[in-house]
Amino acid sequence: MDPAFSFVLLTPPGRGGISSVGFHGPGARGFVERSCRCAASDVPPAAEPGRLSYVEVREGDEILDRGILAVRAPDIFEIHVHGAPFVVERMLGAMARSGGR
């Protein structure tokens, strides 16, 4: 497993149209490489600062949701996904199982 990374829900908890999760640290890029795939091409997104990518967020073979991956810096990311509490809980759980805290 990659080194740890930190994650936080950036939007208020509860039902909403969009939820945003920020994450950073030494293992953040590893999470992106393992868990995010470009929705159109099934390859990891380019993790260049300033880049936005439409991605599928996965845990194993399961697609948790599709959303926008924003690369803020080499080890600082945001994922913007659907705001249903069920989706957010699954996303945060996947991050925790991948070494996030």
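In which element is histidine 82 found? Histidine 82 is found in strand 6, helices (H or I, at least four residues) and strands (E, at least two) being DSSP runs numbered from the N terminus. The structure is a predicted model, in which local features need pLDDT of at least 70 and side-chain atom pairs count only at pLDDT 80 or more, while totals for chains, interfaces and linings use all residues. Residues are numbered from 1 along each chain as its sequence is written, and side-chain values use heavy atoms, with hydrogens and water left out.

**Overall architecture**

- The protein has two helices and six strands, arranged along the sequence in the pattern β-β-α-β-β-β-β-α.
- The radius of gyration of the protein is 12 Å, close to the 13 Å that the globule rule gives for 101 residues, so the protein is as compact as a globular protein of that length. This radius is taken over C-alpha atoms, and the globule rule is 2.2 Å times the number of residues to the power 0.38.
- The C-alpha trace spans about 30 × 30 × 25 Å along its principal axes.
- Of the 101 residues, 44% count as buried; buried means under 20% relative accessible area, exposed over 50%, and partly exposed in between (1.4 Å probe, protein chains only).
- The protein exposes about 5,400 Å², of which carbon and sulfur atoms supply 56%. Accessible areas come from the Shrake-Rupley method with a 1.4 Å probe, and for residues only the protein chains shown count as cover.
- Among contacts with a separation of 6 or more, 44% are made by residues 24 or more positions apart; contact means heavy atoms within 4.5 Å.

**The largest nonpolar core**

- In soluble globular proteins, nonpolar side chains tend to be buried together.
- The largest nonpolar core has 21 residues, and Phe23, Phe77, Ile79 and Met95 touch the most other members. Such a core is a set of buried Ala, Val, Leu, Ile, Met, Phe, Trp, Tyr and Cys residues joined through side-chain atoms within 4.5 Å.
- Two or more residues of this core come from each of strand 2 (18-24), helix 1 (28-35), strand 4 (52-59), strand 5 (62-73), strand 6 (76-82) and helix 2 (85-97).
- Helix 2 gives the largest share of this core, four residues.
- Phenylalanine 77 is in contact with Val21, Gly22, Phe23, Ala28, Arg29, Val32, Ala47, Leu69, Ala70 and Val71, leaving aside its neighbours within four places in sequence.

**Helix 2**

- The 13 residues of helix 2 should span 18 Å at 1.5 Å a residue, and its end C-alpha atoms are 18 Å apart, which agrees; the expected span is 1.5 Å times one less than the number of residues.
- The buried residues of helix 2 are Val87, Val88, Met91, Gly93, Ala94 and Met95.
- Their cover includes strand 1 (6-9), strand 2, helix 1, strand 4, strand 5 and strand 6.
- Glycine 99, whose phi is positive, near 105°, follows helix 2.

**Cysteines**

- The structure holds zero disulfides, a disulfide being a pair of cysteine sulfur atoms within 2.5 Å.
- Cysteine 36 is in no disulfide; with 0% relative accessibility, cysteine 36 counts as buried.
- The sulfur of cysteine 38 is 9.1 Å from the closest cysteine sulfur, in cysteine 36, which is too far for a bond. Cysteine 38 is buried, with a relative accessible area of 17%.

**Individual residues in strands**

- Histidine 82 is partly exposed, with a relative accessible area of 45%.
- Not counting residues up to four places away in sequence, histidine 82 touches Gly17, Ile18, Ser19, Asp65, Arg66, Val87 and Val88. Histidine 82 and arginine 66 are 16 residues apart in sequence and 7.9 Å apart in space, C-alpha to C-alpha.
- Serine 53 is found in strand 4 and is buried, with a relative accessible area of 9%.
- Leaving aside its neighbours within four places in sequence, serine 53 is in contact with Pro45, Ala46, Gly67, Ile68 and Leu69.

**The loop between strand 3 and strand 4**

- Aspartate 42 has its place in the loop between strand 3 (36-38) and strand 4. Its phi is near 60°, a positive value in a residue other than glycine, and aspartate 42 counts as partly exposed at 44% relative accessibility.
- Glutamate 48 also lies in the loop between strand 3 and strand 4 and is partly exposed, with a relative accessible area of 46%.
- The C-alpha atoms of glutamate 48 and valine 71 are separated by 6.3 Å, although the two are 23 residues apart along the chain.
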